[in-house]
Amino acid sequence: MKKILIVLLAMVLLLAGCGKNGTSSPQSPSDESVADQQEPSSSETEISSEYNAIPGSYTVPDGWEESEKHSTDSQIFYIEEGHENDEKPDNISIHVGKNKYSLDEHEQFRDAIVQQILMQLDGIEAQLNGDGTYTEQGELLYIFTIDEGDIVTTQYYIVKDYGFCLIQLTNFSGSETTEQAARDMVDSFVWDTEG
């Protein structure tokens, strides 16, 4: 219990940088990094909401494909090509949800996520880390990493008014390229413009 409280305290202090008071907010991507972004290469696939239930678009990195076996109408799973039949393949899932918080109340949303994760980790030996930043597209982003030793789960919450997009990486292999693939999807995500 003491370990969880220390981790929680450290995480709250770390995430305090995402405050709305303007004194210490996360680094926003520079105008240069947004302007210098490249179009997806011919081997990458850009997914838009026309083709799925996600109200936004994002790029699926080269070498990753949708797992139709695990995907549903509301959640899409991606796995590396050639690993479809692995017992526990690294995977990236994406789904969108609603919440009761405006973008100005993002800290309350963050706190609710922390509470939920801590409840789920009750009795499980794991290390929890959190960070607050922005995507390359300028979207507010919370990152939570849950390290259970043999499995590392990274949750990327892209926040908007009364909603979020969760891109979650479940990494069984410890592969850094898998982590980069998830981050590339996160950084390419753009919400659909609302009419």
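Helices (H or I, at least four residues) and strands (E, at least two) are taken here as DSSP runs, numbered from the N terminus. The structure is a predicted model, in which local features need pLDDT of at least 70 and side-chain atom pairs count only at pLDDT 80 or more, while totals for chains, interfaces and linings use all residues. Residues are numbered from 1 along each chain as its sequence is written, and side-chain values use heavy atoms, with hydrogens and water left out.

Asp187 counts as buried because its relative accessibility is 10%, whereas Arg183, at 23%, is partly exposed; buried means under 20% relative accessible area, exposed over 50%, and partly exposed in between, as found with a 1.4 Å probe and protein chains only. By the salt-bridge rule the count comes to 2, and another such pair is formed by Arg110 and Asp111, whose closest N and O atoms are 3.0 Å apart. Here Arg110 is buried, at 6% relative accessibility, and Asp111 is partly exposed, with a relative accessible area of 35%.

The strands build an open sheet of 7 members in the order S3-S4-S5-S9-S8-S7-S6, with antiparallel pairing; two strands are said to pair if DSSP finds at least two bridges between them. Strands S3 (64-66) and S6 (127-134) are the edges of this sheet, since each pairs on one side only, and the twist from one strand to the next averages 20°. Axes are lines fitted to C-alpha atoms, for helices over the stretch in contact, and angles run from 0 to 180 degrees between N-to-C directions.

Along the sheet, S4 (residues 75-80) and S5 (residues 91-98) are joined by 5 bridges, and Tyr78 has Ile92 in S5 as its bridge partner. S5 also pairs with S9 (residues 163-171), over 8 bridges, with Ser93 standing opposite Gln168 of S9. Between S8 and S9 there are 9 bridges, again antiparallel, and Tyr156 stands opposite Ile167 in S9. The hairpin of S8 and S9 has 2 residues between the strands, and in this hairpin Tyr162 takes a positive phi near 55°.

S9 is largely enclosed by the rest of the structure, because 9 of its 9 residues are buried. In a regular strand the side chains alternate between the two faces of the sheet. In S9, Gly163, Cys165, Ile167, Leu169 and Asn171 point one way, and Phe164, Leu166, Gln168 and Thr170 point the other way.

H3 packs on it and touches S6, S7, S8 and S9, its direction making about 15° with that of S7, where contact means heavy atoms within 4.5 Å. The end C-alpha atoms of H3 (residues 106-120) are 21 Å apart, which agrees with the 21 Å that its 15 residues should span at 1.5 Å a residue, the expected span being 1.5 Å times one less than the number of residues. The buried residues of H3 include Phe109, Ile113, Val114 and Ile117. H4, in turn, lies across S3, S4, S5, S6, S7, S8 and S9, running at about 170° to S9. One of the residues of H4 is Thr178, which is buried, with a relative accessible area of 0%. Leaving aside residues up to four places away in sequence, Thr178 touches Trp64, Glu80, Asp90, Ile92, Leu169, Asn171 and Ser173.

A nonpolar core is a set of buried Ala, Val, Leu, Ile, Met, Phe, Trp, Tyr and Cys residues joined through side-chain atoms within 4.5 Å. The largest such core holds 21 residues, of which Tyr58, Tyr78, Ile92, Ile94, Ile158, Ile167 and Phe189 touch the most other members. Elements giving two or more residues to this core include S2 (56-60), S7 (140-147), S8 (152-160) and H4 (176-188), and H4 gives the most, with 4 residues. Apart from this core lies another, of 17 residues, among them Ala126, Ile146, Tyr157 and Leu166.

Definitions and conventions: A salt bridge is a side-chain nitrogen of Lys or Arg within 4 Å of a carboxyl oxygen of Asp or Glu.
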